[in-house]
Amino acid sequence: MKTVLSTLQVRGEATLRFMGFPLYQARLYTTDGAPLDWSQDFAIELNYLRNLTKKDLVESTLKELDRLGHPLPLREQLGQCFDDVSKGDQYLAVSRGQDQIGFWRNGMRVCTLTHPQLKQQFMAIFIGQNTRSKAFTRKLKGE
């Protein structure tokens with residue numbers, strides 16, 4: 001996994017909470033730790049702080065995409081990418097151009113999703129203009 005992040009460095013990190021309970025700690029990796037540039041590849045790492053089911057991960061991702069106005073036909077693909085997580089598990093999402101994101105779970109590559117403009121639509125869940133927590137997003141973006 002080191003080679004995946006070889007040109008990327010941590011830009012910011014934040015903990016997402018739901019009703020006061022921490023769900024995960026996130027890190028944004030950008031080229032040389034520079035400010036986020038949507039035209040460049042970057043990565044988001046989630047370190048889970050509680051147990052969640054595969055169903056929870058898939059459904060919450062689809063709901064967020066819907067809420068952001070990006071309903072995508074990805075249920076089956078997300079089901080292949082995601083699995084149950086326990087406290088301490090990690091997912092890493094790495095963009096490859098505008099249309100592709102590779103996923104690693106606990107350091108092992110699990111899948112690649114491809115869809116037009118996927119990077120902008122999927123990553124907006126965490127670092128877009130209309131996230132659920134502006135404070136989380138600002139910290140994650142290192143602002």
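Helix H3, residues 118-127, is mostly covered, with nine of its ten residues buried. Buried means under 20% relative accessible area, exposed means over 50%, and partly exposed lies in between (1.4 Å probe, protein chains only). Helices (H or I, at least four residues) and strands (E, at least two) are DSSP runs, numbered from the N terminus. The buried residues of H3 are Leu118, Lys119, Gln121, Phe122, Met123, Ala124, Ile125, Phe126 and Ile127.

The model is predicted: local features need pLDDT of at least 70, side-chain atom pairs count only at pLDDT 80 or more, and totals for chains, interfaces and linings use all residues. Residues are numbered from 1 along each chain as its sequence is written, and side-chain values use heavy atoms, with hydrogens and water left out.

A nonpolar core is a set of buried Ala, Val, Leu, Ile, Met, Phe, Trp, Tyr and Cys residues joined through side-chain atoms within 4.5 Å. The largest such core has 38 residues, of which Tyr24, Phe103, Phe122, Phe126 and Ile127 touch the most other members. H3 gives the most to this core, with seven residues. A second, separate core has seven residues, including Leu8, Tyr29, Val94 and Trp104. Contact here means heavy atoms within 4.5 Å. Apart from neighbours within four places in sequence, Phe122 is in contact with Thr61, Leu65, Ala93, Ile101 and Phe103.

Next come the strands. Leu92 has its place in strand S4, residues 90-95. Leu92 counts as buried because its relative accessible area is 0%. From C-alpha to C-alpha, Leu92 and Asn47 are 8.7 Å apart in space, while 45 residues separate them in sequence.

Leu92 is also one of the residues touched by Glu45. Glu45 lies in strand S3, residues 43-48. Not counting residues up to four places away in sequence, Glu45 touches Gln25, Ala26, Arg27, Tyr29, Gln90, Tyr91 and Leu92.

Two of these neighbours also make polar contacts with Glu45. A polar contact is a pair of N or O atoms within 3.5 Å; within protein, one must be able to donate a hydrogen and the other to accept it, and residues adjacent in sequence count only if both atoms are side-chain atoms. Another, of 3.3 Å, joins the side chains of Glu45 and Tyr29.

Side chains of opposite charge can pair when their charged atoms come close. A salt bridge is a side-chain nitrogen of Lys or Arg within 4 Å of a carboxyl oxygen of Asp or Glu. By this rule the count is seven. Glu45 forms one of them with Arg27, with the closest N and O atoms 2.6 Å apart. This pair links distant parts of the chain, since Glu45 is in strand S3 and Arg27 in strand S2, 18 residues apart.

A further salt bridge is that between the side chains of Arg75 and Glu59 (2.3 Å, N to O). Arg75 lies in helix H2 (residues 75-81) and Glu59 in helix H1 (residues 54-67), so this pair ties together parts that are 16 residues apart in sequence. Arg75 counts as partly exposed, at 47% relative accessibility, and Glu59 is also partly exposed, at 25%.

Glu143 and Lys141 form a salt bridge too, their closest N and O atoms being 3.8 Å apart. Glu143 is exposed, at 64% relative accessibility, whereas Lys141 is buried, at 13%. Elsewhere, salt bridges that share partners join Glu13, Arg27 and Glu45 into one network.

Asp89 is found in the loop between H2 and S4. Asp89 counts as buried because its relative accessibility is 15%. Its side chain makes a polar contact of 3.0 Å with the side chain of Asn106. Leaving aside neighbours within four places in sequence, Asp89 is in contact with Leu46, Asn47, Tyr48, Asp84, Arg105 and Asn106.

Another loop, between strand S1 (8-18) and strand S2 (21-31), holds Met19. Met19 counts as exposed because its relative accessibility is 68%.
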